[in-house]
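Hello,

Here is the structure I promised to pass on, followed by my notes on it. Have a look at it first, and then read on.

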Amino acid sequence: MIIVIKNGSEKKEVDRLVEKINSMGLVVNELCGFGATALSVIGDTSAIDVDLINSSAVVDKLYRIQDPYRIAGRNFHPQDTVIDVDGVKFGGDNFQIIAGPCSVESEEQIIRIAKAVKAAGATVLRGGAYKPRSSPYAFQGLKEEGISFLLSAKKEVGLPVITEIVSVNHLELFKDVDIIQVGARNMQNYELLRELGRSDKPVLLKRSMAATIEEWLMSAEYIMSEGNKNVILCERGIRTFEPSTRCTLDLSAVPLVKGKTHLPVFVDPSHAAGKTELVGPMALASVGAGADGIMVEVHDDPLCSLCDGAQALLPEDFDSVVEKIKAMLPVVGKSIQ
């Protein structure tokens with residue numbers, strides 16, 4: 001870290017700043033030249049409160065050299081992390097497809113769709129039991145009963161399952177779920193992230209619709225700092241000025257984030273696009289961007305879906321998308337197990 005000192009600053013104030021930084025176990029060296037004074041801070045600067053340092057009356061500019069996400073960053077762990085979930089491997093040369101309905105509506109519905117997506121090539125079954133919605137009047141999910149139905153589908157078809165958690169208080173209900181999803185609205189629910197970090201469950205962490213890449217990776221750091229290293233990142237679109245899609249799918253984030261972190265990176269084209277006809281093309285684009293997998297919504301009767309039917313693929317359309325993905329994977333050096 002480099003801290004540029006304002007010209008004319010009093011030495012005693014600069015010394016006070018240096019003493020503060022030294023107290024954190026860091027080494028400070030003074031750099032002089034070109035008519036300015038700067039401080040070189042050596043050590044693990046990830047714990048430094050940048051806003052606090054910037055608030056000092058003697059600080060002109062601050063430049064971070066070390067990424068603040070120490071555990072999630074490639075400097076700490078250069079090799080790709082591969083996470084094994086019941087034999088399904090996330091990361092590295094593997095490509096996985098998570099598919100299923102936005103919400104679990106009944107036991108019959110989730111089992112029926114589970115069979116369809118498995119037959120088409122899905123490797124993980126998704127289904128929402130708890131549904132955080134923008135409107136308090138919208139369908140909020142079947143909750144505990146929904147998890148029970150999802151686990152019935154797991155037993156029926158043999159696919160690992162993923163579902164979203166919305167509260168720390170629900171963690172015990174997820175003991176038989178294979179992967180816990182943290183949705184965009186909870187990406188910065190730090191109490192929840194810390195608690196998930198104390199569990200041994202793999203966590204799929206979605207990017208908030210207004211989060212920077214650094215904020216997203218810092219949320220992953222919250223989980224990993226508590227001991228749980230099994231984190232999968234998922235880009236699901238960010239909010240921009242463009243109203244033609246539900247969100248703007250930031251595919252540039254995929255190669256960018258993969259250069260910064262060793263964690264697997266997934267893409268959710270369904271929530272980003274919000275329109276069925278865009279999901280397939282965006283799924284294929286995700287493969288080309290280097291994603292380690294996709295999460296897609298599939299429903300056999302979208303018109304009667306209780307949640308997000310406008311972005312759900314029919315099983316036959318999902319089957320077609322999977323076939324195209326399989327044709328693309330050798331080009332990017334990945335394969336589906």
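Lysine 11 is exposed, with a relative accessible area of 61%; here exposed means over 50% relative accessible area, buried under 20% and partly exposed in between, with a 1.4 Å probe and protein chains only. Its salt-bridge partner is aspartate 15, and the closest N and O atoms of the two are 2.8 Å apart. I count a salt bridge when a side-chain nitrogen of Lys or Arg is within 4 Å of a carboxyl oxygen of Asp or Glu. Aspartate 15 is partly exposed at 36% relative accessibility. Both residues sit in helix α1 (residues 11-22), four residues apart, which is about one turn of the helix.

Before going further, please keep in mind that this is a predicted model: local features need pLDDT of at least 70, side-chain atom pairs count only at pLDDT 80 or more, and totals for chains, interfaces and linings use all residues. Residues are numbered from 1 along each chain as its sequence is written, and side-chain values use heavy atoms, with hydrogens and water left out.

The chain has ten helices and 14 strands, taken as DSSP runs numbered from the N terminus (helices H or I, at least four residues; strands E, at least two). Of its 337 residues, 51% are buried. The C-alpha trace spans about 75 × 45 × 40 Å along its principal axes.

Back to the charges: the structure holds 17 salt bridges. One of them joins arginine 207 to glutamate 235, with the closest N and O atoms 2.9 Å apart. Arginine 207 lies in the loop between β11 (203-206) and α6 (213-225) and glutamate 235 in strand β12 (residues 231-235), so this pair ties together parts that are 28 residues apart in sequence. Both arginine 207 and glutamate 235 are buried. Elsewhere, shared partners link Arg194, Glu195, Arg198 and Glu226 into one salt-bridge network. Within it, glutamate 195 pairs with arginine 198, the closest N and O atoms being 3.0 Å apart, and glutamate 195 is partly exposed at 29%.

Next, the nonpolar cores, meaning sets of buried Ala, Val, Leu, Ile, Met, Phe, Trp, Tyr and Cys residues joined through side-chain atoms within 4.5 Å. The largest has 36 residues, and those with the most contacts inside it include Phe174, Leu205 and Val257. Helix α6 gives this core its largest share, six residues. Among the other elements that give two or more residues are β10 (179-182), α5 (190-197) and β13 (265-267). Leucine 205 touches, among others, Val182, Trp216, Val231 and Leu233, leaving aside residues up to four places away in sequence; a contact means heavy atoms within 4.5 Å. A second, separate core of 30 residues includes Val104, Ala120, Val161 and Ile325.

Finally, there is one cavity of 30 Å³ or more. On a 1 Å grid over the protein atoms alone, a cavity is a set of points where a 1.4 Å probe fits but cannot get out, and lining residues have an atom within 4 Å of a point. The volume of the largest cavity is about 30 Å³, that is, the space filled by probe spheres set on the points, which are joined across faces, edges and corners. Strand β9 (residues 161-165) gives the most to its lining, with three residues. Cys102, Arg126, Lys131 and Gln181 are among the residues that line the largest cavity.

Best wishes

Key. On a 1 Å grid over the protein atoms alone, a cavity is a set of points where a 1.4 Å probe fits but cannot get out, and a pocket is an open set with protein on both sides within 12 Å along at least five of seven lines; lining residues have an atom within 4 Å of a point.
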